[in-house]
Amino acid sequence: MIIVMNHDATEQEIDNVVKRLEEVGFKIHLSRGVERTVIGAVGDESKLNDVAIAAMSGVEKVLPITRPYKIASRDFKQEDTVVKVGNIEIGGGSLHVMAGPCAVESREQLLTAAEEVKKAGASILRGGAFKPRTSPYSFQGLGEEGLKLLAEAREVTGLPVVTEVMDASLLPLLCEYADILQIGARNMQNFFLLREVAKTDKPVLLKRGPAATIEEWLMAAEYILAGGNPNVILCERGIKGFDTYTRNTLDLTAVAVVKHLSHLPVVVDPSHAIGNWRFVHTMSVAAAAAGVDGLIIEVHPNPEKALCDGPQSLTPKKFARLMEDIKIVTDVMRNNRKKEE
Ligand code: PEP
Ligand code: MN
C-alpha cells in the first residue's frame with residue numbers, strides 16, 4: 001500500500017506511521033518529495049485490520065498497490081533506483097556499456113577483448129564462464145578457470161565483471177569472482193535461483209525470458225527484491241516473435257513501458273536480441289535514444305573464430321565506432337535535458 005502523508009506532516013508523524021508498519025512486518029520505502037512524503041509499504045495487509053493507518057495523525061490517504069509486483073513498482077518507490085557497482089552508478093542518468101565476449105575462451109582472447117572495450121569506453125566487462133547452450137555438444141564454458149581469467153582481466157583493466165550464474169550451487173564460487181550476477185533468459189523464472197541470488201549482496205542483471213511478458217519479468221524481479229536484494233538491473237534481450245530472420249525480436253517498447261511501471265534500471269542486449277552483428281549498431285543507437293540505462297554488447301577480437309555467438313559479435317573496431325555514435329546520442333539527450341531544467 002501507499003501512504004500519502006499531509007504536506008505539513010511532521011517528522012514525528014512520519015516516524016510513527018513507519019514504526020507502526022514495521023511492527024507488523026511491513027517493508028518500507030520512504031519517498032521524500034518536495035511537496036509531501038509518500039510511504040511505500042509491502043507486507044501482509046490482513047495484519048493491518050485493526051491498525052487503521054488511515055486514521056493516524058499526519059496521514060492524508062492510503063492507497064492500495066494494485067499491481068501484482070509491489071516493491072518493483074513505481075507506486076512503491078517513485079524515484080529511479082541507482083545500482084552501484086564500485087563507483088559506477090547504473091540508473092543514475094548516464095548510459096553504461098557492458099561489453100566483452102559471449103564466453104571466456106582463453107587468456108589472450110579475454111585480455112585482448114577487455115583492453116579493447118575499455119579503450120573504446122565500456123565501463124563493465126562481460127564474459128560467460130558457465131554457458132547455457134542449446135546443444136550439449138557445444139562449448140559449455142571454461143568454468144572456474146574462466147572466472148579466474150575474468151578476475152585477471154578486471155585486475156588489468158579495472159573494469160568490474162558481469163557473468164552468468166546458471167545454478168544456485170555455483171553461487172558461492174560466482175560470488176568470489178563476479179561484480180554483477182547475470183541471470184540468463186532461460187533462468188528468468190527459476191524461482192529457487194532467484195531466491196538464492198536475493199540472499200547475496202551482489203547486483204543482479206535479470207534478463208527477460210524469451211517468452212516472458214513484462215509482468216512476468218517484473219514478478220521475477222519482485223522475487224529478488226522481496227528476498228532482500230534491492231540491486232536489480234532489468235535486461236531486455238529479445239523475445240520470440242514469428243519472424244525467423246533475426247534470432248529474437250528486440251522489444252524496445254518494453255524499455256519504455258518498464259521504465260514507466262518500475263523504478264529499476266533497464267539495459268538492452270542487442271546482441272542476443274538480433275543474433276547478427278550487422279544490426280547491432282543501429283539497434284544499440286535506437287536503445288540509447290529510448291533512454292536505456294545501459295547496453296550489454298558482445299565483442300570478440302576475432303568473431304569468426306568465436307566458440308560461442310560469433311555471428312552476433314562485433315569486432316573491437318566496430319565496437320569503437322558504435323561507442324562514438326552512442327556518445328553523440330547521449331550527449332544530445334543530456335544537453336536537451338539541461339536546457340529544459
Ligand atoms: C549471454 O549473455 O551470453 C546469454 C546466454 O544471454 P541470454 O540469457 O540472454 O540468452
Ligand atoms: Mn552470447
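The donor residues of the manganese ion (ligand 2) follow the sequence spacing C-x169-H-x25-E-x10-D. This is a predicted model: local features need pLDDT of at least 70, side-chain atom pairs count only at pLDDT 80 or more, and totals for chains, interfaces and linings use all residues. Residues are numbered from 1 along each chain as its sequence is written, ligands are numbered from 1 in the order in which they are written, and side-chain values use heavy atoms, without hydrogens and water.

**Manganese site**
- C102 (SG), H272 (NE2), E298 (OE) and D309 (OD) coordinate the manganese ion (ligand 2) at 2.0 to 2.4 Å. Donors are N, O and S atoms within 2.8 Å of the metal (3.2 Å for Na, K and Ca); water is not among the atoms, so sites may look incomplete.
- C102 sits in the loop between strand 7 (96–100) and helix 2 (107–120), and E298 in strand 14 (residues 294–298), so the pair ties together parts 196 residues apart in sequence. Helices (H or I, at least four residues) and strands (E, at least two) are DSSP runs, numbered from the N terminus.
- C102 and E298 are both buried (under 20% relative accessible area, 1.4 Å probe, protein chains only).

**Strand 12**
- In strand 12 (residues 232–236), 5 of the 5 residues are buried, so the strand is largely enclosed by the rest of the structure.
- V232, L234 and E236 point one way, I233 and C235 the other.

**Strand pairing**
- Strand 11 (residues 204–207) pairs with strand 12 in the parallel sense over 4 bridges; pairing needs at least two DSSP bridges.
- K207 stands opposite C235.
- Strand 13 (residues 266–268) runs parallel to strand 12, joined by 3 bridges.
- V266 is the bridge partner of L234.

Notes. Buried means under 20% relative accessible area, exposed over 50%, partly exposed in between (1.4 Å probe, protein chains only).
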